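Hi,

Here is the structure I promised to pass on. Have a look first, and my notes follow below.

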Amino acid sequence: MGITKQKAIELYSVMVKIRMFEEQVQDLYARGMIPGLAHLYIGEEAVAAGVCGALEREDYITSTHRGHGHVIAKGADVRYMMAELFGKTTGYCKGKGGSMHIADMAMGILGANGIAGGGLPIAVGAAFSAKYRNSGQIVACFFGDGSSNNGTFHESLNFASLHKLPVIFVCENNLYGISVSQRMHQPIQDIAIRATSYDMPGVVVDGNDAVAVYEASLKAVKRARAGEGPTLIECKTYRWRGHHEGDPNLGARYRDREEIEQWKKRCPIKRLEGRLLEERWLSRRKMEEIQKAIAQELDEAVSFAQQSPYPAPGDIFTDVYVAG
Amino acid sequence: MRQLSFSLAINEALHQMMSSDESVFLIGQGVKSPWYVGNTARGLFEKFGPERVIDTPVSENAITGAAVGAALVGMRPIVVHPRMDFMMYAMDPIVNEAANWHYMFGGRSSVPVVIWGIINRGGEQAAQHSQALHSLFAHIPGLKVVMPSTPYDAKGLMISAIRDDNPVIYIDDRWLYKIEGDVPEQIYSVPIGKGIVRKRGKDVTLVSASYMVVESMKASELLRKEGIDVEVIDLRSIKPIDELLIFESVKKTGRLVIADAGWKTYGMAAEIAAIVAENIFDELKSPIQRVTLPDVPAPASSALEMVYYPNATHIVQAIKKLLSGKEAPWRIKSVS
Ligand SMILES: Cc1ncc(C[n+]2csc(CCOP(=O)(O)OP(=O)(O)O)c2C)c(N)n1
Ligand SMILES: [Mg+2]
């Protein structure tokens with residue numbers, strides 16, 4: 001089972017899109033044009049691309065505060081994302097959610113969550129529904145190393161395994177929860193070992209290798225669709241930026257510059273580029289074309305967001321309850 | 001007197017109480033990293049070390065529960081939740097365990113824990129990062145809830161909360177952190193359950209707590225220029241609540257406006273309105289007004305945030321509305 005040329009190019013394009021989106025946000029934030037808390041995904045692109053690359057459009061994901069990458073990989077429209085980040089009425093949540101809360105039910109994006117560990121039970125419930133409806137859908141649930149210490153992690157894995165629910169728990173171990181290193185927040189190195197307690201497979205993958213993440217996810221997807229239950233996939237990765245934009249010096253107050261530089265050398269995009277060139281699946285020129293097309297799409301997204309209106313004051317009262 | 005910021009007043013209380021009482025320790029997310037809890041934890045880790053300043057994993061439920069357990073057998077823990085939205089995972093140890101313990105076990109043991117939740121809103125962070133949830137806790141028998149508005153009270157109430165033998169929910173607001181004020185250097189306490197009149201006035205009683213006291217003072221200043229004399233009461237504790245102070249004032253002014261940073265329905269403002277109506281209804285010259293959040297979750301967009309949070313302007317409007325009505329509707333009815 002190797003990755004196909006087409007899939008490899010797809011993963012590449014998705015990663016580039018995430019990277020460029022985040023760089024755009026970084027720039028807009030620095031210029032004071034985007035407010036709020038923007039938690040960027042730069043450096044971790046292979047995880048979202050690899051996992052979502054193994055999903056079908058009908059499948060679901062739950063996402064986190066660091067969710068831009070997840071939702072782009074699952075097919076969110078960057079125009080509506082950007083508008084949401086700007087707080088505009090054309091955004092995915094009509095300006096009510098902001099950076100930490102992108103959802104697109106049509107794409108199976110159930111919602112990015114500002115509560116660390118909040119998404120796990122929700123993913124389990126969606127998987128329960130899929131199983132109950134016999135729909136064949138599965139759920140990929142993203143969460144971080146820090147969030148794996150929340151009781152919701154343990155309760156969710158236990159319940160999902162007990163009922164053999166079609167869910168993939170994707171732990172993005174970027175070695176930190178805010179400023180707290182993994183060493184300081186849990187006594188284990190491999191979060192995947194916790195799968196044993198819940199009698200499900202626990203896999204460690206290189207989270208900067210999109211192909212490896214994709215292949216591990218495919219296996220988990222197969223298992224989930226066959227009714228055999230959940231899998232825990234731990235992706236070892238690293239965020240290049242601070243915890244959120246505005247965290248000074250890229251978080252150098254709590255981690256070595258040297259460490260940051262080392263991880264930057266393991267850029268997930270460069271890595272797949274290497275493979276694509278080696279296999280002669282994609283030329284440099286074609287890569288540049290992909291980047292250009294994405295740059296244009298992002299330009300349009302920013303213009304769309306800028307030109308969109310802000311919500312009217314009265315909109316504050318809409319959508320509290322379902323009408324009727 | 002010496003001036004100190006609100007956040008450093010808390011910091012001083014923690015330093016002094018940890019120095020004077022070895023059973024006091026601080027536990028919560030970010031306590032080692034000064035930027036995360038403002039500068040309220042400054043220097044604590046360096047001074048008291050990892051045994052007494054414990055930076056925790058994302059495990060609000062277990063950490064708060066553990067603090068309750070430690071309090072049960074000899075410690076005086078302070079659990080900090082740098083954003084009170086995240087404290088919702090700790091509802092069980094707070095509501096089912098800490099609050100009930102003394103009563104449920106026939107008064108034979110107690111839980112002297114301080115659970116410190118920080119209101120941290122604005123900045124387009126949306127519904128899960130903006131909530132002022134004090135009224136939830138004030139609803140629960142067995143809990144005390146304090147909400148300082150000045151640096152002096154921030155320190156004094158933290159000290160009282162630590163010394164109290166009951167579970168105390170200490171709630172502060174990040175919007176207060178930079179405010180400077182008089183703070184004595186020694187250890188002192190501010191009594192829990194006692195409010196204070198921040199400004200004397202005769203036309204209307206304005207009751208608030210925490211950050212809304214700042215907006216209330218602004219409003220009273222704006223109204224003074226228009227010849228309206230507002231009496232501002234800072235509750236400082238919302239449970240137990242200083243009923244007598246409110247009653248005395250309302251008896252004098254005959255009018256009551258309550259400003260609260262929480263939601264309207266079933267909230268702090270509703271409770272104050274109820275106790276006044278129950279006890280001194282006949283003293284009221286006009287209906288009670290509440291200035292609160294609208295009953296909707298916090299939005300992200302700046303365009304919506306602007307209208308979401310109640311401020312001095314809203315208070316001024318409410319007071320003017322109240323003063324423009326000649327008589328309370330029920331009085332008019334009883335005359336006719
Ligand atoms: C219940 C809860 N507690 C605390 C927080 C504050 N918080 C925001 S992000 C974060 C770190 C999460 O770390 P991790 O899960 O590793 O995700 P990462 O930011 O590294 O992607 C924390 C503790 C929160 N959002 N929710
Ligand atoms: Mg992390």
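Which residues are closest to ligand 1, and how many surround it? There are 20 around ligand 1, and the closest are A:His65, A:Asp145, A:Gly146, A:Ser147 and B:Glu60 (a residue counts as near if one of its heavy atoms lies within 4 Å).

Before the rest, some housekeeping. This is a predicted model, where local features need pLDDT of at least 70 and side-chain atom pairs count only at pLDDT 80 or more, while totals for chains, interfaces and linings use all residues. Residues are numbered from 1 along each chain as its sequence is written, chains are lettered from A and ligands numbered from 1 in the order written, and side-chain values use heavy atoms, leaving out hydrogens and water.

Back to the ligand: it sits between chains A and B. From chain B, an N or O atom in the side chain of B:Glu60 is 2.5 Å from a nitrogen atom of ligand 1. From chain A, a polar side-chain atom of A:Asp145 is 2.7 Å from an oxygen atom of ligand 1, and a backbone N or O atom of A:Gly114 lies 2.9 Å from a ligand nitrogen.

As for the interface, 37 residues of chain A are in contact with 31 of chain B (contact being heavy atoms within 4.5 Å). About 2,500 Å² is buried between the two chains, with carbon and sulfur atoms giving 68% of that; this is the accessible area (1.4 Å probe) that the two parts lose on being put together, summed over both.

Last, the cysteines. Why are there zero disulfides over all chains? A disulfide needs two cysteine sulfur atoms within 2.5 Å. The sulfur of A:Cys93 is 17 Å from the closest cysteine sulfur, in A:Cys52, so that is too far for a bond. For A:Cys235 the closest cysteine sulfur, in A:Cys171, is 8.0 Å away, again too far.

Cheers

Technical notes:
A polar contact is a pair of N or O atoms within 3.5 Å; within protein, one must be able to donate a hydrogen and the other to accept it, and residues adjacent in sequence count only if both atoms are side-chain atoms.
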